[in-house]
Amino acid sequence: MKILHVITSLETGGAEKLMVDLLPRMREQGNQVELCAFDGIRTPFFEQLERAGIKIHWFHIGGSVYNPLNIYRLWRLMCKGWDIVHTHNTAPQLFAAFGRVLCSVVLVTTEHNTSNRRRDWKWYAWLDRWMFRQYKEVICISDQAEINHRKHVGDNDSRNVCTIYNGIDYHRYANAIPVKDVKLLGAKIITNVAGFRYQKDQPTLIKAMKYLSDAYHLCLVGDGERRAEFEALIKELNLEQRVHLLGLRSDVPEILAASDYIVMCSHFEGLSLSSLEGMSSGRPFLADNVDGLREIVEGNGVLFEHEDAKGLAEAVFKLDHDMKYREQVIKQCQAKAAQYDISVMTEKYLDVYKKLLLM
């Protein structure tokens with residue numbers, strides 16, 4: 001098959017990390033697989049895909065991914081004889097739907113979250129429903145993501161919806177060697193891997209550090225539009241020596257292996273790849289009790305209430321002082337994460353493509 005995936009950029013994020021893990025595996029099975037990123041900014045993910053032999057098309061460096069010219073650029077690329085065009089993120093979803101009007105191609109998309117801001121725009125609902133009607137299949141990454149999507153578009157526009165759980169390279173994270181620069185930052189390392197954007201809730205993590213002793217250090221792996229906001233909060237709370245912004249890194253498995261605790265704070269999730277990777281790492285995993293995290297963490301890792309910085313600190317303290325409980329959490333987390341190996345996801349995606357091409 002000739003397959004094109006389309007995404008906004010290759011900066012930090014679950015959909016972006018999925019491209020790194022998924023596309024080379026599709027290629028290994030004899031498919032021609034290429035990627036289109038609207039914003040071609042070079043990142044560790046961009047370079048990993050290049051090294052894996054994935055051809056990357058891009059339209060511009062910086063600027064808005066909603067530039068109307070991207071409709072024309074994407075349409076031209078879609079007309080190059082692809083069997084499947086698979087989109088991720090809002091701008092590619094919408095622009096590919098426009099391109100589909102003038103180009104006969106099988107469209108597939110993935111809904112990566114249980115919610116998004118555009119669902120709050122009632123005036124936009126008709127456009128969303130029209131957009132999803134242009135797709136032969138809408139893949140949701142968790143049960144809750146599918147439930148919420150069906151509720152949003154309605155029964156008449158839900159016939160082309162299925163769920164395929166996100167996958168990770170479990171063994172890479174379970175067997176990683178700790179990276180030295182992180183291990184040397186402090187006695188106890190708490191790590192979060194997430195983009196610095198609206199959906200994520202790093203401020204709760206930063207505030208939690210005020211309830212923990214100076215032995216604890218927080219590492220935030222990622223970058224994005226809220227970086228200045230986080231830097232201001234760190235300075236306001238006098239945490240400059242204990243909160244470390246590590247930026248974009250390609251050695252995330254090794255960073256997690258060097259940590260004592262892995263935490264995910266979000267306002268909502270789909271099925272968080274970063275969470276599954278953290279659960280694979282052999283370290284206790286903690287997350288707040290929100291859609292998309294609750295489903296995989298409950299009964300395995302540790303849940304604390306949404307935006308409860310003190311509750312997070314207390315959960316870390318309990319893990320630090322009850323070794324039997326700590327080991328139980330680690331064992332449960334790894335057993336859960338092992339169920340989401342990327343090989344299973346790859347096969348299911350390819351099965352969807354084959355089914356659609358036979359219709």
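1. Let us start with helix α5: its buried residues pack against α4 (90-101), β5 (106-111), β6 (137-140) and α6 (143-153), where contact means heavy atoms within 4.5 Å. Helices (H or I, at least four residues) and strands (E, at least two) are DSSP runs, numbered from the N terminus.

2. This is a predicted model, in which local features need pLDDT of at least 70, side-chain atom pairs count only at pLDDT 80 or more, and totals for chains, interfaces and linings use all residues. Residues are numbered from 1 along each chain as its sequence is written, and side-chain values use heavy atoms, leaving out hydrogens and water.

3. In α5 (residues 125-133), the buried residues are Ala125, Leu127, Asp128, Met131 and Phe132; buried means under 20% relative accessible area (1.4 Å probe, protein chains only). Viewed down the axis of α5, they fall within an arc of 160°, so they line one face of the helix. The arc is that of the directions from the helix axis to the C-beta atoms.

4. An open sheet of 7 strands runs in the order β3-β2-β1-β4-β5-β6-β7, with parallel pairing; two strands pair if DSSP finds at least two bridges between them. Its edge strands, β3 (55-60) and β7 (161-163), each pair on one side only.

5. Within that sheet, 6 bridges join β1 (residues 2-7) to β2 (residues 32-39), and Ile3 stands opposite Val33 in β2.

6. Another open sheet has 6 parallel-paired strands in the order β10-β9-β8-β11-β12-β13. At its edges are β10 (243-247) and β13 (302-304), each pairing on one side only.

Conventions:
Buried means under 20% relative accessible area, exposed over 50%, partly exposed in between (1.4 Å probe, protein chains only).
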